[in-house]
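Dear colleague,

Here is the structure I said I would pass on. My notes on what was found in it follow below.

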Amino acid sequence: MHSMIMSSAADPGVQSSAPGWINSLMDTLGAPGAGIAIALENLFPPLPSEVILPLAGFAASTGQMSLIAALLWTTAGSVIGALALYGVGALLGRDRTIAIASKLPLVKVSDIERTEAWFAKHGTKAVFFGRMIPIFRSLISVPAGVERMPIPVFLGLTTLGSAIWNTIFVLAGYLLGENWEDVVGYVSTYSKAVLVMAVLGVVAFIGVRVMKPGAGSRRKS
């Protein structure tokens, strides 16, 4: 039996930014399918959370799943995905991180040490607000694992930040109904702005490092 979300996906205007596997997951599993999609999005940032969340909201508006279930499952998916990346960071550890960084061009051990100091001071804010920034919302879990942020603190901040982000976009899809894709355009613009700022930051870092005397030297740990 075809679900309402799948029949709506037959409309090219709705289908255009919704990969078929996402529709299939939600059609087959309902809210848990949305949670699985979001967990995968955390592990593979290029996957479209700005599509998954409003689409889950739209599915809730059609009766495919309950709104509460959509919110709970997508938040659970966010936390599970973030916890997996935290584990990657914890397994990597400080020593391996420094060893890898020391082999990268233009990167010094002192850069890692300054990053550690910054994370020690601002890590809780970074994990919380990072959940609301495209790209970084996934990556922020890795340094949290490297620095071994207490798991209860990490889980609490990740759950709260994810719940806020997910609720905004699931509700937007729920309220917009068949016009849920209107959300995608706004989030895409936001994502591009964040990406441009990140690229500019990297370019500025490289520029300063290249122009700075002794750029190739590294201080041993």
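Which residues have the most contacts inside the largest nonpolar core? In this predicted model, they are M26, M65, V127, A144, M149 and F154, within a core of 34 residues. Two or more core residues come from each of α3, α4, α5, α6 (67-102), α7 (109-130) and α10 (151-176). The most come from α5, which gives 8.

V127 has contacts with F119, I140, A144, M149, F154, L157 and T158, leaving aside residues up to four places away in sequence.

The count of aromatic pairs is 3. In one of them, the ring centres of Y86 and F154 are 4.8 Å apart; the planes are at 40°, so this pair is tilted. Y86 belongs to helix α6 and F154 to helix α10, 68 residues apart, and the pair thus links distant parts of the chain. Y86 is buried because its relative accessibility of 7% is under 20%. F154 is buried as well, at 0%.

W165 and F169 make another tilted pair, with 4.6 Å between centres and 55° between planes. Both are in helix α10, 4 residues apart, or about one turn of the helix. Both W165 and F169 are buried.

At least two patch residues come from each of α3 (20-29) and α4 (31-43), and α4 gives the most, with 3. F44 sits in the loop between α4 and α5 (49-62). With a relative accessible area of 48%, F44 is partly exposed.

Regards

Methods. Residues numbered from 1 in each chain as written. Predicted model: local features only at pLDDT ≥ 70, side-chain atom pairs only at ≥ 80, totals over all residues. Heavy atoms only, no water. Buried < 20%, exposed > 50% of the residue type's maximum accessible area, 1.4 Å probe, protein only. Core = buried A, V, L, I, M, F, W, Y, C linked by side-chain atoms within 4.5 Å. Contact = heavy atoms within 4.5 Å. Phe/Tyr/Trp six-rings, centres within 6.5 Å; stacked < 30°, edge-to-face > 60°.
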